Amino acid sequence: CVVKMVQKYQSPVRVYKYPFELVMAAYEKRFPTCPEIPVFLGSEILHESRSDDGAIHIIERSCKLNVDAPRLLKKARVEYVFFIQKNTVNWKERTLRIEAHNETFANRVVVLETCSYSVHPENEEWTCFEQSASLDIKSFFGFESTVEKIAMKQYTSNIKRGKEVIEHYLKELISQGITFIPRWTPSPACGQKNERTLAVGGDADDVPLESGAHGTSKEETGSSCLPAEAVSPDVSSELFFFFFFFTDKLDADYIERYLGQLTPMQESCLIRLRQWLQETHKGKIPKDEHILRFLRARDFNIDKAREMLCQSLSWRKQYQVDYILQSWRPPALLDEYYTGGWHYQDKDGRPLYILRLGQMDTKGLVKALGEESLLRHVLSINEEGQKRCEENTNIFGRPITSWTCLVDLEGLNMRHLWRPGVKALLRIIEVVEDNYPETLGRLLIVRAPRVFPVLWTLVSPFINENTRQKFLIYSGNNYQGPGGLVDYVDKDVIPDFLGGDCMCTVPEGGLVPKSLYQTEEEPENSDHIRLWTETIYHSASVLKGAAHEIVVEILEGESVITWDFDILKGDVVFSLFHSKRAPETSHKEAPLSSTSAAGDNVQLIDKTWVLGVDYSRVESPLVCREGESIQGSHVTRWPGFYILQWKMHGPLPCSGTSLPRVDDVLASLQVSSHKCKLIYYYEVLASKDFRGSMSSLESCNSGFSQLSGATTSSSQSQSSSHLSR
């Protein structure tokens with residue numbers, strides 16, 4: 001049995017505030033040996049070559065490493081591990097690309113690493129460094145798991161050490177008076193191609209210093225050294241962070257400043273999930289702190305975090321949660337009887353929310369306003385909490401990613417255990433847990449009465465274990481004095497009703513008058529409350545062997561059909577067809593075992609219709625994977641009926657052979673259900689009103705206004721069909 005284990009790593013961008021040429025001089029000091037990196041025992045040049053003009057210099061080395069696994073290596077009769085490293089420096093473009101792979105155990109373990117040094121795009125006097133690696137363990141004498149742990153531990157422990165080593169040699173160069181190295185210029189002296197090949201065991205000390213710095217080089221590189229002068233970058237830190245925030249890459253200093261301390265593998269998980277979202281959710285990428293919350297909620301398991309995040313992004317889109325702070329205005333009844341509100345911050349700078357749950361008439365609020373209104377209000381509180389965290393991050397100059405909730409239970413009794421009220425509470429907890437993970441930094445529960453254990457028994461199973469660990473519960477007056485609230489909240493912020501000196505404006509609540517209760521026949525909402533179920537998006541289930549189709553009638557040739565849909569479950573194929581005939585609606589019956597409604601699955605194209613005769617394809621089939629967000633548009637050429645179709649993705653028939661393809665067989669095995677799920681929205685616009693893709697339409701409601709750091713959209717009208725992810 002062959003065990004295959006793969007680990008990947010992607011670094012953020014690390015920046016040296018020194019010119020490329022000086023950084024290269026520091027980098028070359030690592031060879032042939034580097035006391036600053038104990039595991040690096042030495043290197044030998046295998047091959048070296050230069051381009052005719054001297055601009056490109058390639059060196060291939062054999063590097064000898066000592067890894068922290070002596071017993072394991074002795075079992076395999078190996079004393080050291082050897083890597084082959086190929087460095088390609090382009091002095092003209094000012095780049096260095098490093099490619100490395102293992103030579104030892106190459107048939108059992110494949111380690112690939114790629115690093116690059118390049119000029120900072122906003123300041124040519126700074127140098128950027130990026131690093132990626134993959135570890136593919138095919139088999140290792142039954143020690144696959146051990147090798148994986150040792151290798152990743154060894155690798156990540158040396159990642160940040162690498163930057164420290166470069167900075168060490170940069171300081172050493174500066175102490176020697178070398179603070180400036182001129183850039184490469186073509187020179188006749190470098191016009192002759194130089195190439196050599198050395199056997200393993202050659203004189204590694206013969207490596208030339210790439211920089212060409214006067215007083216440190218063993219051979220000239222075609223440029224003379226100017227007098228040393230200090231480097232003084234003119235780009236401020238604010239501009240620096242701004243640049244990286246609005247690009248596809250993350251900078252290590254930005255992560256530490258705005259997101260907090262992360263391990264190298266946690267940084268890698270964030271960057272890789274962010275890259276995946278950029279590829280599949282173009283124009284609607286959540287902010288980095290939002291992505292990080294979902295990673296933390298799933299212990300940095302990328303697959304689990306991606307699934308959870310994609311479900312949440314689709315949920316936000318479907319129910320217009322991004323606009324809740326602008327659109328939701330609490331009814332006067334909530335302002336008076338909902339006993340919660342924001343109140344300064346705790347000692348860690350987290351926004352502080354106070355909830356006097358024991359004073360709240362939950363039964364009266366549910367009967368007067370309905371469950372949906374309470375849910376929307378709680379969601380608006382969570383959205384406001386994230387907004388306040390961002391503000392406090394800027395105020396305190398350190399990452400504030402969560403808020404603190406202080407819950408006063410004085411007055412809690414059996415009235416609060418009213419069954420519909422508990423049901424509403426459990427639903428709210430479920431929605432918040434799924435869509436606002438890791439937003440609660442601490443929950444302080446004070447004055448818990450005897451009835452509290454009953455309530456806790458009901459709600460605790462619905463609360464994530466990571467969240468439960470943030471709960472601190474005080475009964476009676478235990479919250480007073482050392483070990484109580486003063487450990488977490490400054491004394492001058494503790495509310496007056498808890499014995500503090502701070503006046504708190506949170507409503508005291510009280511019983512909601514029964515005259516305000518809704519009648520049984522009265523709908524749950526009124527004019528000023530928008531129903532939770534109202535949304536521009538439609539839901540659909542795509543059954544195996546049956547397509548879901550919608551028809552759009554176009555009366556004029558020059559119109560634009562636009563669509564926006566998210567794949568919630570499974571993989572589907574999206575197509576667009578045109579027909580002069582009006583299709584007839586037919587519903588696919590769901591199996592008796594299915595618990596979901598079958599009315600979602602609508603088929604329009606008659607089985608007797610012939611493609612190319614009765615209808616034609618106007619957009620190529622697009623395979624859409626689970627979790628992807630798809631936007632697109634099509635400029636119609638003819639009047640008639642256009643059919644948008646979603647089908648479950650499966651293996652395509654093979655042409656020219658009766659044997660199935662391996663990829664198709666594997667894809668069919670991965671189908672875990674006979675049903676896919678999606679949400680979609682479409683509209684038809686006159687061509688003169690069309691302003692680009694769905695992400696830039698004024699009528700589109702799918703942008704992440706609260707979550708996105710920046711959005712991308714097309715600024716030009718499309719003259720032909722358009723598909724984007």
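Are Lys-317 and Asp-566 buried or exposed? Both residues are buried. The structure is a predicted model, and a search of the whole of it finds 29 salt bridges.

**The Lys-317 and Asp-566 pair**

- Lys-317 and Asp-566 form a salt bridge in which the closest N and O atoms are 2.7 Å apart.
- This pair links distant parts of the chain, with Lys-317 in helix α8 (residues 302-318) and Asp-566 in strand β17, 249 residues apart.
- Strand β17, where Asp-566 is placed, spans residues 559-569.
- Asp-566 has a relative accessibility of 2% and therefore counts as buried, the cut-off being under 20%.
- The contact between the side chains of Asp-566 and Lys-317 is also listed as a polar contact, at 2.7 Å.
- Asp-566 has a further side-chain partner in Ser-629, with a polar contact of 2.9 Å between the two side chains.

**The Glu-125 and Arg-183 pair**

- A salt bridge with an N to O distance of 3.6 Å joins the side chains of Glu-125 and Arg-183.
- Glu-125 belongs to strand β8 (residues 123-137) and Arg-183 to the loop between α3 (144-175) and β9 (195-197), so the bridge ties together parts that are 58 residues apart in sequence.
- Glu-125 is partly exposed, at 26% relative accessible area.
- Arg-183 is partly exposed as well, at 35%.

**The network around Arg-350**

- Arg-350 and Asp-348 form a salt bridge, their closest N and O atoms being 3.4 Å apart.
- Through shared partners, salt bridges join Asp-346, Asp-348, Arg-350 and Arg-442 into one network.
- Arg-350 has a relative accessible area of 18%, so this residue counts as buried, because the limit is under 20%.
- Asp-348, in contrast, is partly exposed at 37% relative accessibility.

- Glu-549 is located in strand β16 (residues 548-554).
- With a relative accessible area of 3%, Glu-549 is buried.
- Glu-549 and Trp-646 are 97 residues apart along the chain, while their C-alpha atoms are separated by 6.4 Å.
- Ile-643 is part of strand β23 (residues 640-648).
- The relative accessibility of Ile-643 is 0%, and the residue therefore counts as buried.
- The C-alpha atoms of Ile-643 and Phe-577 are 5.1 Å apart, although 66 residues separate the two in sequence.

**Helix α7**

- Helix α7 covers residues 288-297 and is mostly covered, with nine of its 10 residues buried.
- An α-helix has 3.6 residues a turn, so residues three or four places apart point the same way.
- After α7 comes Asp-299, which has a positive phi, near 50 degrees.

**A negative surface patch**

- Asp-490, Asp-492, Asp-496, Asp-501 and Glu-508 form a negative surface patch.
- Asp-490 sits in the loop between β14 (471-475) and β15 (538-543).
- Its relative accessible area is 34%, so Asp-490 is partly exposed; this value also meets the patch requirement of over 30%.

Key
Residues numbered from 1 in each chain as written. Predicted model: local features only at pLDDT ≥ 70, side-chain atom pairs only at ≥ 80, totals over all residues. Heavy atoms only, no water. Buried < 20%, exposed > 50% of the residue type's maximum accessible area, 1.4 Å probe, protein only. Helix = DSSP H or I, 4+ residues; strand = E, 2+ residues; numbered from the N terminus. Patch = residues over 30% accessible without salt bridge, like charges linked within 9 Å, V, L, I, M, F, W, Y side chains within 5 Å. Areas by Shrake-Rupley, 256 points an atom, 1.4 Å probe, with all protein chains shown as cover. Salt bridge = Lys/Arg side-chain N within 4 Å of Asp/Glu carboxyl O. Lys, Arg positive; Asp, Glu negative; His and termini not counted. Charge placed at Lys NZ, Arg CZ, Asp CG, Glu CD. Polar contact = N/O pair within 3.5 Å; in protein donor to acceptor, adjacent residues only side chain to side chain.
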